[in-house]
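This report walks through one protein model, part by part, for a reader who has the sequence and the structure at hand. Please look at both before reading on.

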Amino acid sequence: MKKIIAVTGCPTGIAHTFMAEEALKTAAKKLNVEIKVETNGASGVENAITPEDLKDIYGVIIAADKDVNAERFNGLPVIEVPVKEAIHHPAELINKVVNGQAPRRQGFSAATDPDEKYERESFGRQIYKHLMSGVSNMLPFVVAGGILIAVSFLWGIYSADPNSPQYNVIAATLMKVGQQAFSIMVPVFTAYIAWSISGRPGMVAGFVGGLLANATRRRIPRWDHRRFCRRVFLCC
């Protein structure tokens with residue numbers, strides 16, 4: 001039986017990552033092809049590809065909109081596509097690999113045929129992947145911070161204000177923690193964009209750049225989220 005491996009990943013790591021995995025497995029079963037799929041989801045890497053898995057394979061399918069450490073497959077026949085391609089055209093990708101139509105990864109930059117859809121990433125595609133790497137790692141801070149701030153409003157819109165009759169210690173603590181989560185949102189975003197571009201050495205520069213952006217932002221009048229929320233509640 002022919003053997004291939006695949007890696008899937010999307011910015012949020014919740015839906016498309018696992019939809020692509022299921023589509024590839026279903027198509028491989030119909031084509032009588034053995035496949036192992038590594039998923040890079042919100043909970044981390046699952047079913048990770050090992051060096052043993054790389055032996056006697058026809059090639060690799062990388063269906064991801066984020067960095068998935070593709071360098072480990074250098075020298076192997078590799079097809080790199082957006083994650084949606086694996087969801088909508090899994091059989092086409094598998095056939096391309098098993099039929100020997102996948103280029104070896106280190107040869108991507110030399111691809112010159114414009115009809116080879118998957119052999120070369122455009123500059124715009126590269127920018128998109130770097131941005132999505134930042135977004136996928138930033139989202140947990142946005143979600144956690146937003147939930148904590150929203151929960152703090154259960155005690156009242158001004159429950160985090162010590163000068164308000166609505167003041168509550170628990171609400172104030174939740175508000176403070178939520179704001180702290182929001183405050184490192186930009187540094188995390190820029191750090192992982194830099195990491196996607198140049199690895200760990202670039203991560204330091206990206207994180208410091210995000211901190212500088214935060215410091216600059218503090219000079220701008222802050223958005224009054226309490227007034228905004230009060231208006232929303234009044235409109236409802």
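## Terms and basis

Two residues are said to be in contact when they have heavy atoms within 4.5 Å. The model is predicted, and local features need pLDDT of at least 70, side-chain atom pairs count only at pLDDT 80 or more, while totals for chains, interfaces and linings use all residues. Residues are numbered from 1 along each chain as its sequence is written, and side-chain values use heavy atoms, with hydrogens and water left out.

## The nonpolar cores

A nonpolar core is a set of buried Ala, Val, Leu, Ile, Met, Phe, Trp, Tyr and Cys residues joined through side-chain atoms within 4.5 Å; here buried means under 20% relative accessible area, exposed means over 50%, and partly exposed lies in between, for a 1.4 Å probe and protein chains only. The largest such core has 22 residues, of which I4, L24, I35, I61 and I94 touch the most other members. At least two residues of this core come from each of several elements, including strand 1 (2-9), helix 1 (16-30) and strand 4 (60-64); helices (H or I, at least four residues) and strands (E, at least two) are DSSP runs, numbered from the N terminus.

Beyond its neighbours within four places in sequence, I61 is in contact with I4, I5, A6, V7, L24, I79, L93, I94 and V97. Another core, of twelve residues, lies apart from the largest one, and V7, V68, A70 and V78 are among its members.

T39 belongs to strand 2 and counts as buried because its relative accessibility is 2%. If residues up to four places away in sequence are not counted, T39 touches T8, T17, F18, E21, G44, V45 and E46.

D53 sits in the loop between strand 3 (44-46) and strand 4, and D53 is buried because its relative accessible area is 13%. The side chain of D53 makes a polar contact with the side chain of K36 (2.6 Å), and it also reaches the backbone nitrogen of T50 at 2.9 Å. A polar contact is a pair of N or O atoms within 3.5 Å; within protein, one must be able to donate a hydrogen and the other to accept it, and residues adjacent in sequence count only if both atoms are side-chain atoms. Leaving out residues up to four places away in sequence, D53 touches K3, I5, K36 and A48.

## Positive phi in two loops

D56, in the loop between strand 3 and strand 4, has a phi near 60°, a positive value in a residue other than glycine, and D56 counts as exposed because its relative accessibility is 72%.
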